[in-house]
Amino acid sequence: MKKHIFILVLLFLISGCEKKEIECELDEDCIAAGCCHATSCVSKEKTPDCKGIVCTLECRPGTLDCGQGSCKCVEGNCEAIYG
C-alpha cells in the first residue's frame, strides 16, 4: 500500500514539473495574432505574414483596432488586454 502511495505522489510531482513555454518577457515581445481586426496576441517570433493583405479601415468592436486593446506580456504569455 505504501508503495502505491509513493508512486502516486511521485507521478503527481512529476506532472507538476512540466515546462511551460515562455512566449515573452516584455510587452514589446508581443504582437497582434492577425493581420486584420486581431482579437489575440502572439510572440513576435510567430508574427503573421501580412504581405498582400488588405484590411478595412473600420474600428471593429472587440478587436485591437483603433487602440481598443493592446498586446501585453502577462506571466510569460502574450495576451490581448482591452480597455
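Is E21 buried or exposed? I looked this up first, and E21 counts as exposed, at 51% relative accessibility. The cut-off for exposed is over 50%, so E21 falls on the exposed side of that limit with its 51%.

**Entry: confidence.** I noted that the model is predicted. The protein chain averages a pLDDT of 86, and 76% of the residues score at least 70. I then went through the elements. Helix 1 has the lowest mean pLDDT among them, 55, while strand 3 has the highest, 98. Where pLDDT is low, the predicted coordinates should not be read in detail. I kept that in mind for helix 1, given its mean of 55.

**Entry: salt bridges.** I counted the salt bridges and found 3. One of them joins the side chains of E21 and K46, at 3.7 Å from N to O. E21 sits in the loop between helix 1 (2-15) and strand 1 (30-32), and K46 in the loop between strand 2 (41-43) and strand 3 (69-74), so this pair ties together parts that are 25 residues apart in sequence.

I turned to D27 and K72, whose side chains meet in a salt bridge of 3.8 Å, N to O. The two residues are 45 apart, D27 being in the loop between helix 1 and strand 1 and K72 in strand 3, and the pair links distant parts of the chain. D27 is partly exposed at 31% relative accessible area. K72 is also partly exposed, at 33%.

I also looked at E58 and R60, which form a salt bridge with an N to O distance of 3.1 Å. E58 has a relative accessible area of 40% and is partly exposed. R60 is partly exposed too, with 37%.

**Entry: strands 3 and 4.** I asked in which sense strand 3 and strand 4 pair. Strand 3 and strand 4 (residues 77-82) are antiparallel, with 6 bridges between them. V74 stands opposite N77 in strand 4. The hairpin of these strands has 2 residues between them, and there E75 takes a positive phi near 50°.

**Entry: other positive phi values.** I found H37 with a positive phi of about 55°, although H37 is not a glycine. H37 is in the loop between strand 1 and strand 2. With a relative accessible area of 16%, H37 is buried. C66 is not a glycine either, and its phi is positive, near 55°. I placed C66 in the loop between strand 2 and strand 3. C66 counts as exposed, at 54% relative accessibility.

**Entry: S40.** S40 lies in the loop between strand 1 and strand 2. I read its relative accessible area as 34%, which is partly exposed. Which residues is S40 in contact with, leaving aside its neighbours within four places in sequence? They are I31, A32, A33, L64 and A80. S40 and A80 are 40 residues apart along the chain, yet their C-alpha atoms are separated by 5.1 Å.

**Entry: disulfides.** I searched the whole structure and found 6 disulfides. With the bonded cysteines of the protein chain numbered in sequence order, I wrote the pairing as 1-11, 2-12, 3-6, 4-7, 5-10, 8-9.

I looked at C35 and C50, whose sulfur atoms are 2.0 Å apart in a disulfide. This link is left-handed, with -95° about the S-S bond. C35 is partly exposed at 29%, and C50 is partly exposed at 33%.

I went on to C41 and C71, a disulfide with its sulfur atoms 2.1 Å apart. The torsion about their S-S bond is about -80°, so this disulfide is left-handed. The pair links distant parts of the chain, C41 in strand 2 and C71 in strand 3, 30 residues apart. Both C41 and C71 are buried.

I ended with C59, which a disulfide joins to C66, S to S 1.7 Å. The torsion about the S-S bond is about -70°, so the link of C59 and C66 is left-handed. C59 is partly exposed, with a relative accessible area of 42%.

Definitions and conventions: Residues are numbered from 1 along each chain as its sequence is written. This is a predicted model: local features need pLDDT of at least 70, side-chain atom pairs count only at pLDDT 80 or more; totals for chains, interfaces and linings use all residues. Side-chain values use heavy atoms; hydrogens and water are left out. A salt bridge is a side-chain nitrogen of Lys or Arg within 4 Å of a carboxyl oxygen of Asp or Glu. Helices (H or I, at least four residues) and strands (E, at least two) are DSSP runs, numbered from the N terminus. Buried means under 20% relative accessible area, exposed over 50%, partly exposed in between (1.4 Å probe, protein chains only). Two strands pair if DSSP finds at least two bridges between them. pLDDT is the predictor's confidence in each residue, from 0 to 100. Contact means heavy atoms within 4.5 Å. A disulfide is a pair of cysteine sulfur atoms within 2.5 Å.
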